[in-house]
Amino acid sequence: MQVYLDNAATTRMSRAAIDAMVACMDANYANPSSLHEAGQSAAEKLLAARQSIAQLLGADSDEIYFTSGGSEADNQALETAAAIGERIGKKHIISSAFEHHAILHTLDRLKKRGFRITLLDVHEDGIVRADELDKAITQDTVCVSIMYANNEIGTVQPIKELGAVCHKRGVLFHTDAVQAVGQLPVNVVSDNIDMLSFSAHKFHGPKGIGALYVKKGIPVYTLISGGAQERGKRAGTENLPAIIGMERALKAACLSMSENAAKIAKLRDRLIDGLLSIPHTVLNGDRTRRLHGNVNVCFEGIEGEALLLMLSDMGIAASSGSACTSGSLDPSHVLLAIGRPHEIAHGSLRLTLSHENTQEDIDYTVSAVRQVVEQLREISPVWRDLQEGKKDYVIQ
Amino acid sequence: MLYSEKVMEHFRNPRNVGKIEDADGVGEVGNAKCGDIMKIYLKIEGDVIVDVKFNTFGCASAIASSSMATEMIKGKPLSDALALTNKAVAEALDGLPAHKLHCSVLAQQAVRAAIKDYYDRNGVACDKAQLSVIDCEDGHCE
């Protein structure tokens, strides 16, 4: 049996998005910047896709800047904030401790350019507090960037409330909504968002395409210079097939959002209950304020990479925040940020669902995970010490 | 594929897993904070390792390295076990990715720690330098 539970990493493209892209590559290969008829026809397709995507997010079409994906959009958003800050003499940016590295590494770069960075606590439940944000904002603050939903533990942030605080205090509000767009009813106006990043491959669209929403009136920083595409803010011939694929996928995701959310959340809860019945297992992130498709747990006494490889042998595609899978020596910064000790964070497992999963997938996964966890605990000296009472369990 | 077939084979079917209740020497290296701990148990008769078992908390390469190291020293004289290098363990596994080489170092150290424990218990004088075990804290982890 093959079970794909790594949808937060990427999703399978929908047939409709693939067909739309292939049709576009066949018929609309001309450059939208060209003046001939074929070019103008491509330009019309581009505009229609831009308008549709904007509308689905509550934005205007000239507030959407297509990018190569979420990371580029995050970089451009923070550089936009930094350029404004440098001009008006405000050099403080607030973010959170469990942002994606596209945000954290860009903030490191800005730090070297003289910006002061405050990373808000995300607490054990994985939720940023609006009152703590309010306290962190100073006269010097130019921008706040808080992700809409966390990519590892799936916790959904009180974005509307955080945006309201920012607007009350007169600072820009950016959100990395890569995990939220297509999953949650995101609306840039009612959510008080000034800048928003998203990426198509997280909602069954193609890879290599995303966008940055920037509210009208905010001067956008040009990260990639060259031609006049994207109103001069992002050079490079538009990737029209990918943009068309993204539009098709986003529209489908928004149309079936509530139906999918209900179905996926039911499977998620079944999966969480099943995994928590394995002794000494803990759920990471708030149980209810999380993405419909996110499950993230830690098992005491074992290591995540071994778990992943054994699950892979059983046909299950999953992910882990263990150091061994991250390629660094430290386990996931997200799990450390919610207060999990290193030894517990190493034993994490992330399973992320989509509407394509079935109850059969979930039941098979629970029994496979139970078997693999037992097998790894059997050979673990840490587990032996815990069982023999030489050490106390961290997870009860 | 990240790992060689040999690593995956030892990971899937680790040899000599378990604990020897009346072990003559026990060595434990690494720590959970770093993500790997290896514990090796030796049964020694005369000068020969007649049995060896291990427990490992860690990734696939840590489990495979412990499995391979125990195979390489089982039935061998202590002098052979002391001469076991991390390089030999990694080579026997058809290589490890660069960032996983510390797993083979850990295996070598676990073997030496167990032999040192045996010597200490029996009051055997030994070359401390050869048996010095680098703690994870000042080893690969930091």
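Modeller: Let us begin with a lining: in the second largest pocket, the lining residues divide into 10 nonpolar, 15 polar and 1 charged. Here Ala, Val, Leu, Ile, Met, Phe, Trp, Tyr, Cys and Pro count as nonpolar, Asp, Glu, Lys and Arg as charged, and the others, Gly among them, as polar. This is a predicted model, in which local features need pLDDT of at least 70, side-chain atom pairs count only at pLDDT 80 or more, and totals for chains, interfaces and linings use all residues. Residues are numbered from 1 along each chain as its sequence is written, chains are lettered from A in the order in which they are written, and side-chain values use heavy atoms, without hydrogens and water.

Biologist: What is a pocket, and which residues lie nearest the centre of the second largest pocket?

Modeller: On a 1 Å grid over the protein atoms alone, a pocket is an open set of points where a 1.4 Å probe fits, with protein on both sides within 12 Å along at least five of seven lines; lining residues have an atom within 4 Å of a point. The second largest pocket has 26 lining residues, and nearest its centre lie A:Gly182, A:Gln183, A:Lys202, A:His204 and A:Ile264. Its space is about 390 Å³, a volume being the space filled by probe spheres set on the grid points, which are joined across faces, edges and corners.

Biologist: Which element gives the largest share of that lining?

Modeller: Helices (H or I, at least four residues) and strands (E, at least two) are DSSP runs, numbered from the N terminus. The largest share, 4 residues, comes from α8(A).

Biologist: How much space lies in the largest pocket?

Modeller: The largest pocket holds about 850 Å³. Its lining has 44 residues, with A:Ala9, A:Asn151, A:Glu152, A:Ser319 and A:Arg350 nearest the centre. By class, this lining has 14 nonpolar, 23 polar and 7 charged residues. The largest share, 3 residues, is from α3(A).

Biologist: Is B:Asn55 buried or exposed?

Modeller: Buried means under 20% relative accessible area, exposed over 50%, and partly exposed in between (1.4 Å probe, protein chains only). B:Asn55 is buried because its relative accessible area is 0%. The residue lies in strand β3 (residues 48–57) of chain B. Contact means heavy atoms within 4.5 Å; not counting residues up to four places away in sequence, B:Asn55 touches residues including A:Glu378, A:Pro381, B:Val17 and B:Tyr41.
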